[in-house]
Amino acid sequence: MARFLHHRPLLLLAAVSVAIVASSLVRPAAAVRPFVLVLSVDDFLKDSSAHPSLPSADSAGADGDADEWDDFSDDSPGADPLLSPSSWVPLLDPSSSPPPGDGPDSPADSLFVAGARAMLSAASEGDDAAFITAAAQIEAAATAGHPGAQSALAFLSGAGMTRPASRSRAFLLHKFAADAGDLQSKMAIAYSYFRQEMYEEAVVLYAELAEAALTSSLISKEPPVIEPIRLHSGTEENKEALRKSRGEDDEDFQITEYQAQRGNAGAMYKLGLLYYYGLRGLRRDYRKAFHWFSKAVEKGDTRAMELLGEIYARGAGVERNYTEAYKWLALAAKQPHYSAYNGLGYLYVKGYGVEKKNLTKAREYFKLAADNKEAGGHYNLGVLYLKGIGVKRDIIEASNHLLQAVNAGQPKAIYQVAKLFQKGIGLKRNLHMATMLYKSVAERGPWSSLSRWALESYLKGDLGKALLLYSRMADLGYEVAQSNAAWILDRYGDQSICMGESGFCTDMERHLRSHALWWQASEQGNEHAALLIGDAYYYGRGVARDYERAAEAYMHAQSQSNAQAMFNLGYMHEHGHGLPLDLHLAKRYYDQAVEVDSAAKLPVMLALTSLWLRKNYADSFMVRFIDSLPEIYPVVEEWVEDVLMDEGNATILTLFACLVTVLYLRERQRRQVAAANPQQPDGAAM
């Protein structure tokens, strides 16, 4: 239930979903949730000056490894990874180009497109027969060797949709698709290796996928920004985050647009930012972004000047023009807007829009940006020191700058530090750390756009399509998608939106799938998922009641400093449920819950009162009443939500509390009378 007084319905604990915003060409990342990587002296190599695979300015372009480290090459990526054979985006967005097939008018490609489109439609309409037919079309295309169909069939097989669940068959199908170049199947395989701690295999795939993600951010219409919107906070719908994700229908957006139209420079800049990055449920639109940044610049907004410079440097929605880029970045820098210095440094490194390359000026600009806590400045200084461009090569200095950028959420820096860990350059070789870092970048790839379509479907009430899309992303290893899919299954699964082995899911299939998704999310650090797994075992929801496994799940959440889990463990020690009966340990867990979260103060006070009663009045009415709460809790909770909360009848709740108080007072009076008249039997009338 993810609540304090987990077995006593008194207080709700909510979790807030946050996003990490990626950077682009000359703009540093603004991390809403800091990516904190803490290293010790032991993580650095003592002598890393002569590593055989270390890039150098002299060898740049001469050997393959130098090219691999070159972050100042021309931005001229080839094909957009978004259009991999298994991409569903063209089926969701009619304005997108169709996915490539085996050739023009390929029968296998036609079968896959028809099957995938029909599957999405069937999920929306809740038509199990149509879904089964669509899955058969996808299977036929997969048999013909279509990698996109193989990837989709692997997803269906792993989830147990229209066929028995088989992880081995799913892996084999993903392998076939990945060998044919399908990037989404590579994501699924990499995640499978990651879960099994096979880091030697996982790191290679995630490195390739991370590079594809960075490349795609330069040319894709999809935003290079991660907005992992959680549909829920614990067990409650995350209404505020969902409201802000409605794009142009959101009231806040409409107010901002009105203010911008009335000449407010700050509102103009904000609108430009929303369209430039594709935030808050908006489609990325460079032309609208350019329009609003230009309007803001007319009002003297410095931030908009810098972004106009970036737009011209990238050619985003306008013809690329480095002279214009330099002009606007220089104007922003004079204000001073320190992140603009990072863009100017980049132009001097490349010699774009300036008389000639000037590495000394470039380094000075990067340093000025870094000294003012701009992540892009730290990142570019790190690259200079790593390669020895205009400075003496210094791996320790490079690592320090790159780590500063990593902790600000800069995706290119995360990628470079992952490479340092993978190759053991400057930092001790650590494939686990490298895999984690590569994975965080790879998940910014264009395949993450499915989350936007899933969210749009959910907001429109199209739960079947939302569940299908979140489940697809869950298969690729996205933790937020795993928890969102599990939450939809738990809350709406009885509405015939879940496809099982031979039609709509049975209750058992739904519970097991939800449980598996929560478990995967828990493995990736979602403490609420671990709590819900504990709930499932504690109450026997969808699985056999097992107090010991419930305790294991709560222990996992407790290890993530989750106050609710600490409280639950204290309760289990207090009652001997799955853990030894130990009132001292119970008190220790209760005290820890308060230390971690002050919101636990009231429930912990009540719990400690319960401990005192149990110790001093072991056979009293109040102790028996407290012990009965775990059994009546689900019934009371349903009654409170369905009757009290819906009708707002606080009077009933007050009367219920009064009734409990009267019962307690009568019990205490009875005991006092019994103590005063020891000869009178307990059952005698008074």
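So, Glu-324: in this predicted model, that side chain is partly exposed, with a relative accessible area of 22%. The cut-off for buried is under 20%, so at 22% Glu-324 counts as partly exposed. Its salt-bridge partner is Lys-327, at 3.4 Å, N to O. Lys-327 comes out at 36% relative accessibility, so partly exposed too. And where do Lys-327 and Glu-324 lie? Both lie in helix α14, residues 322-333, and they're 3 residues apart, about one turn of the helix.

While we're on salt bridges, there's also a network: Glu-240, Arg-243, Lys-244, Asp-250 and Asp-252 are joined into one by salt bridges that share partners.

Okay, next pair. Arg-230 and Glu-479 meet through their side chains in a salt bridge, 2.7 Å from N to O. This one links distant parts of the chain: Arg-230 is in the loop between α8 (199-219) and β3 (232-233), Glu-479 is in helix α23, residues 479-492, and they're 249 residues apart. Buried or exposed, these two, Arg-230 and Glu-479? Arg-230 is buried, and Glu-479 is as well.

Last pair: Glu-139 with Arg-169, a side-chain salt bridge at 3.9 Å, N to O. Glu-139 sits in helix α4 (residues 128-143) and Arg-169 in helix α6 (residues 167-179), so the bridge ties together parts that are 30 residues apart in sequence. For accessibility, Glu-139 is at 28%, which counts as partly exposed, and Arg-169 is partly exposed at 36%.

Technical notes:
Residues are numbered from 1 along each chain as its sequence is written. This is a predicted model: local features need pLDDT of at least 70, side-chain atom pairs count only at pLDDT 80 or more; totals for chains, interfaces and linings use all residues. Side-chain values use heavy atoms; hydrogens and water are left out. A salt bridge is a side-chain nitrogen of Lys or Arg within 4 Å of a carboxyl oxygen of Asp or Glu. Helices (H or I, at least four residues) and strands (E, at least two) are DSSP runs, numbered from the N terminus. Buried means under 20% relative accessible area, exposed over 50%, partly exposed in between (1.4 Å probe, protein chains only).
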